[in-house]
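Student: Could you walk me through this model, one feature at a time, starting from a single residue and what surrounds it?

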Amino acid sequence: MEGVLCEYTAVDVAFSQFINRLTDIQDSAQLNWTQFKQHRANLERNIAQHVTAGSSHKKVSLDIGGTNFNTTEETLLKQKDTFFWAMLRSGEWQPDSTGQYFIDRSPHMFGVILDYLRDGQVREGLSEASKR
């Protein structure tokens, strides 16, 4: 009988430790969820402030793979839910000490991207592969 009681006690202890660990994980997940909601609320607040600020004619300087491009916020914000929309509206990404936003991509086709954002059309003369 004593052996069964020892086994029962060991199982009870292990089960209690398991429940405690699950409780710790649940508490940690709840804390992470709360922090996520706070961060999201802050981002949404930043976006709302930037949208209402109306500074869309502001000049934006971009360093794309070592090549400088200048445009306006208005151009970069014409298409919602894009990389540029997130970059400029989140308030999280700031220009470097020279006032430029650095994007680690090839500058080869970036002019075409800007032209598309400006007038909504892909320039004639591009190959089909380049348009993709």
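Student: Which residues does Thr 75 touch, not counting residues up to four places away in sequence?

Tutor: This is a predicted model, and in it Thr 75 touches Leu 114, Leu 117 and Arg 118, once residues up to four places away in sequence are set aside. Thr 75 has its place in helix α2, residues 73-76, and with a relative accessibility of 9% this residue counts as buried, because the cut-off for buried is under 20%.

Student: What pattern does the protein chain follow along the sequence?

Tutor: The protein chain has five helices and three strands, and reading along the sequence gives the pattern α-β-β-α-α-β-α-α. Of its 132 residues, 20% count as buried, while the accessible surface comes to about 9,900 Å², with 54% of that belonging to carbon and sulfur atoms. Among contacts between residues at least 6 apart in sequence, 50% join residues at least 24 apart.

Student: How should I read a nonpolar core, and which residues touch the most other members of the largest one here?

Tutor: The general idea is that, in soluble globular proteins, nonpolar side chains tend to be buried together. Here the largest nonpolar core has 15 residues, of which Leu 62, Leu 76, Phe 84, Met 87 and Phe 110 touch the most other members. The elements that give two or more residues to this core are β1 (59-64), α3 (83-89), β3 (100-103) and α4 (110-119), and α3 gives the most, with four residues.

Student: What is Leu 62 in contact with, leaving aside its neighbours within four places in sequence?

Tutor: With those neighbours left aside, the contacts of Leu 62 include Leu 76, Phe 84, Met 87 and Phe 110, and also Thr 67, Asn 68, Gln 100, Tyr 101 and Ile 103.

Student: Are Trp 93 and Tyr 101 buried or exposed, or something in between?

Tutor: Trp 93 is partly exposed, with a relative accessible area of 29%, whereas Tyr 101 is buried, at 9%. The rings of Trp 93 and Tyr 101 also form a pair, with centres 5.6 Å apart and planes at 70°, so this pair too is edge-to-face. One aromatic cluster is formed by Phe 69, Phe 83, Phe 84, Trp 93, Tyr 101 and Phe 110.

Student: How many salt bridges does the structure hold, and which residues do they join into one network?

Tutor: The structure holds three salt bridges. In one of them, the side chains of Lys 58 and Glu 73 meet at 4.0 Å, N to O, and since Lys 58 lies in the loop between α1 and β1 and Glu 73 in helix α2, the pair ties together parts that are 15 residues apart in sequence. Glu 73 also forms a salt bridge with Arg 89, the closest N and O atoms being 4.0 Å apart, and that pair links helix α2 with helix α3 across 16 residues in sequence. Glu 73 and Arg 89 are both buried, each with a relative accessible area of 6%, whereas Lys 58 is partly exposed, at 46%. A further salt bridge pairs Arg 118 with Asp 115, the closest N and O atoms being 3.2 Å apart; these two residues both lie in helix α4, three residues apart, about one turn of the helix. Salt bridges that share partners join Lys 58, Glu 73 and Arg 89 into one network.

Technical notes:
Residues are numbered from 1 along each chain as its sequence is written. This is a predicted model: local features need pLDDT of at least 70, side-chain atom pairs count only at pLDDT 80 or more; totals for chains, interfaces and linings use all residues. Side-chain values use heavy atoms; hydrogens and water are left out. Buried means under 20% relative accessible area, exposed over 50%, partly exposed in between (1.4 Å probe, protein chains only). Contact means heavy atoms within 4.5 Å. A nonpolar core is a set of buried Ala, Val, Leu, Ile, Met, Phe, Trp, Tyr and Cys residues joined through side-chain atoms within 4.5 Å. Rings of Phe, Tyr and Trp (its six-membered ring) pair if their centres lie within 6.5 Å; planes under 30 degrees apart count as stacked, over 60 as edge-to-face and the rest as tilted. Accessible areas come from the Shrake-Rupley method with a 1.4 Å probe; for residues, only the protein chains shown count as cover.
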